[in-house]
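Student: I would like to go through this structure one residue at a time. Can we begin with where things sit and then turn to contacts?

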Amino acid sequence: MAQCLEKLNTWIWGPWMLVFFMGTGIFLTVRLKFLPWKNLGFALRQVFKDIAGPKKRGEGEITPFQSLMTAMAAMMGTGNIAGVAAAMVLGGPGALIWMLISALLCMSCSLTETTLSMKYRQKNALGQVCGGPMYVMERGIRPKGLGRAMAVLFSLFTLGASLGMGNMTQANSISQALSDTFHVPPALCGGILFFLCLFVLMGGIACIGKVCSVLVPVMSVAYLAATVAVIIINRQNIPHGLYEMITMAFSPRAIGGGLGGSIVAGLSGAMRWGVARGVFSHEAGLGSAPIAAAAAKTDDPVGQSYIAMTGTFFDTILVCSATGLAIASSGLLGAAGRDGQLLTGVALTNTIFETALGPAGRLIITLGIAMFAFATIIGWEYYGEKALEYIVESGWRRKGDTMSVLRRRRWISFYRLIYCAFVFVGAVASLEAVWNFSDIMNGAMALPNLVCILLLSGEAAAMIVPYECSE
């Protein structure tokens with residue numbers, strides 16, 4: 001079973017998927033007349049203006065800033081720390097360049113999918129505003145039967161990804177990090193996570209948004225400050241590190257790097273691992289972030305979509321770039337650990353930060369992983385909850401009935417409790433097969449979502465292109 005999952009995962013995230021992502025990004029960037037890049041400054045200003053207090057309000061559940069932080073909470077998992085290191089070990093320093101290229105192109109995917117989700121969002125029986133690709137597919141794709149089938153499939157894959165990549169794998173990363181650094185028993189860690197998650201999630205999206213609006217900025221600024229300190233300490237290696245990143249990103253043949261030690265890579269490897277890890281990090285094109293964006297209180301759908309687009313910028317272009325530059329300038333990429341094995345993932349970032357900052361460096365990485373992963377857990381719960389809500393509601397509609405408010409609340413409460421139980425399981429169990437399953441679910445989510453935004457890109461362009469980015 002495990003081997004079958006690994007083979008399926010390798011096929012789904014093979015070259016054809018990466019080309020699909022990059023091709024979609026290029027097509028949408030051109031169709032939107034490069035506006036995601038031209039208006040990035042406007043989008044960033046809107047984020048900071050909303051922190052001070054948004055002037056415009058509309059239907060929704062949380063503020064635009066809280067919706068962005070909820071989406072970023074789901075994005076900023078262990079991939080921002082361990083994922084970047086793994087990409088640069090497998091694909092060489094040049095993988096970071098391709099992570100950034102994928103982020104720049106996929107900003108167009110983010111803007112398009114969020115605009116469509118804002119257009120097709122609706123109220124449920126509880127009076128809550130909800131949306132996401134499943135509602136876009138059902139209401140926007142013709143014939144209607146095809147749209148509904150795509151919507152159900154997307155929701156099933158999202159539900160699977162929420163329990164796997166968004167839940168158990170993140171809980172497992174927290175458990176391992178706390179066990180290695182503080183010798184916290186996995187069962188104790190799992191129990192604490194269970195009650196923390198239950199406390200936050202039972203408050204619904206309003207509570208999730210409030211927690212994320214505090215947790216995400218604090219942990220991001222703290223981690224970036226520590227990363228900048230590491231880069232400054234290793235500043236003499238920055239020029240050569242940048243040179244290796246550029247040459248190994250675009251070299252047609254595999255070459256080795258001086259600072260890269262035993263790392264040998266070229267264009268093919270750098271592109272493959274950089275794009276793949278980039279997609280996992282920023283999630284643009286997967287269709288997950290628009291679910292959170294659709295809950296924002298706003299009467300400006302395109303403006304909210306620009307705000308949501310900045311999640312890709314902050315996550316990958318800012319945080320992942322800082323991590324990658326710290327790795328490239330450390331001189332430890334390609335080094336072996338005490339056991340003689342090549343350092344990668346958390347082990348590599350731990351060593352780099354500990355070498356530069358002493359014991360505090362290891363503490364920073366441990367706490368960073370714990371906070372990033374916990375934020376991912378609570379952010380992905382909302383995605384899974386909305387996916388389950390859509391699946392159950394679709395089932396009632398097929399029977400010619402509607403789901404009552406009481407039944408809906410029971411389903412949601414049941415899911416939140418089960419989700420927290422999966423957090424405990426993730427903290428105490430070995431999850432090799434779950435990692436492959438989670439990767440498969442993420443790739444399966446992307447397929448109907450990318451097809452959807454390509455088919456409806458004209459509708460999105462009709463809203464985005466004439467939009468005036470006024471202050």
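Student: In which helix is the place of Ile 26?

Tutor: This is a predicted model, so positions are those of the prediction. The run of residues 15-31 is a helix, and Ile 26 falls within that run. The helix is α2.

Student: Is Ile 26 buried, partly exposed or exposed?

Tutor: Buried requires under 20% relative accessible area and exposed requires over 50%. Ile 26 has 45% relative accessibility, so Ile 26 counts as partly exposed.

Student: Which residues make the nonpolar surface patch with Ile 26?

Tutor: A residue joins a patch if its relative accessible area is over 30%, and Ile 26 stands at 45%. The patch covers about 430 Å². Along with Ile 26, its members are Val 30, Phe 34, Trp 37 and Leu 104.

Student: Where is Arg 142 found, and which residues gather with Arg 142 in a patch of positive charge?

Tutor: Arg 142 is in the loop between α8 (133-140) and α9 (144-182). With a relative accessible area of 53%, Arg 142 is exposed. The surface patch of positive charge also includes Arg 139, Lys 144 and Arg 148.

Student: Which backbone oxygen does the side chain of Arg 121 reach?

Tutor: Arg 121 lies in the loop between α7 (95-120) and β1 (122-123). Its relative accessibility is 16%, and therefore Arg 121 counts as buried. At 2.8 Å, its side chain reaches the backbone oxygen of Ala 296.

Student: How many salt bridges does the count come to?

Tutor: Side chains of opposite charge can pair when their charged atoms come close. The rule asks for a side-chain nitrogen of Lys or Arg within 4 Å of a carboxyl oxygen of Asp or Glu. By this rule the total is 4.

Student: How many residues apart in sequence are the parts that Glu 459 and Lys 119 tie together?

Tutor: The side chains of Glu 459 and Lys 119 form a salt bridge at 2.9 Å, N to O. Glu 459 belongs to helix α20 (residues 457-464) and Lys 119 to helix α7, so the pair ties together parts of the chain that lie apart in sequence. Glu 459 is partly exposed at 24%, and Lys 119 is partly exposed at 39%. The separation in sequence is 340 residues.

Student: What is the distance between the closest N and O atoms of Arg 362 and Glu 354?

Tutor: Arg 362 is partly exposed at 26% relative accessibility, and Glu 354 is partly exposed at 35%. The two form a salt bridge, for which the cut-off is 4 Å. The closest N and O atoms are apart by 3.9 Å.

Student: Are Arg 416 and Glu 385 buried or exposed?

Tutor: Their side chains meet in a salt bridge at 2.9 Å, N to O. The pair links helix α18 (residues 405-428), which holds Arg 416, with helix α17 (residues 359-398), which holds Glu 385, across 31 residues. Both Arg 416 and Glu 385 are buried.

Student: How far apart in space are Glu 6 and Glu 432, C-alpha to C-alpha?

Tutor: Glu 6 lies in helix α1 (residues 2-12) and is partly exposed at 46%. In sequence, Glu 6 and Glu 432 are 426 residues apart. In space their C-alpha atoms are apart by 9.6 Å.

Student: Which residue has its backbone oxygen 2.7 Å from a polar atom of the side chain of Arg 235?

Tutor: Arg 235 is in the loop between α11 (204-233) and α12 (238-250). Its relative accessible area is 55%, so Arg 235 is exposed. The backbone oxygen at 2.7 Å belongs to Ile 232.

Note on methods: Residues are numbered from 1 along each chain as its sequence is written. This is a predicted model: local features need pLDDT of at least 70, side-chain atom pairs count only at pLDDT 80 or more; totals for chains, interfaces and linings use all residues. Side-chain values use heavy atoms; hydrogens and water are left out. Patches are made of residues with over 30% relative accessible area and no salt bridge: like charges are joined within 9 Å, nonpolar side chains (Val, Leu, Ile, Met, Phe, Trp, Tyr) within 5 Å. Accessible areas come from the Shrake-Rupley method with a 1.4 Å probe; for residues, only the protein chains shown count as cover. Helices (H or I, at least four residues) and strands (E, at least two) are DSSP runs, numbered from the N terminus. Buried means under 20% relative accessible area, exposed over 50%, partly exposed in between (1.4 Å probe, protein chains only). Lys and Arg count as positive and Asp and Glu as negative; His and the chain ends are not counted. The place of a charge is taken as NZ of Lys, CZ of Arg, CG of Asp or CD of Glu. A polar contact is a pair of N or O atoms within 3.5 Å; within protein, one must be able to donate a hydrogen and the other to accept it, and residues adjacent in sequence count only if both atoms are side-chain atoms.
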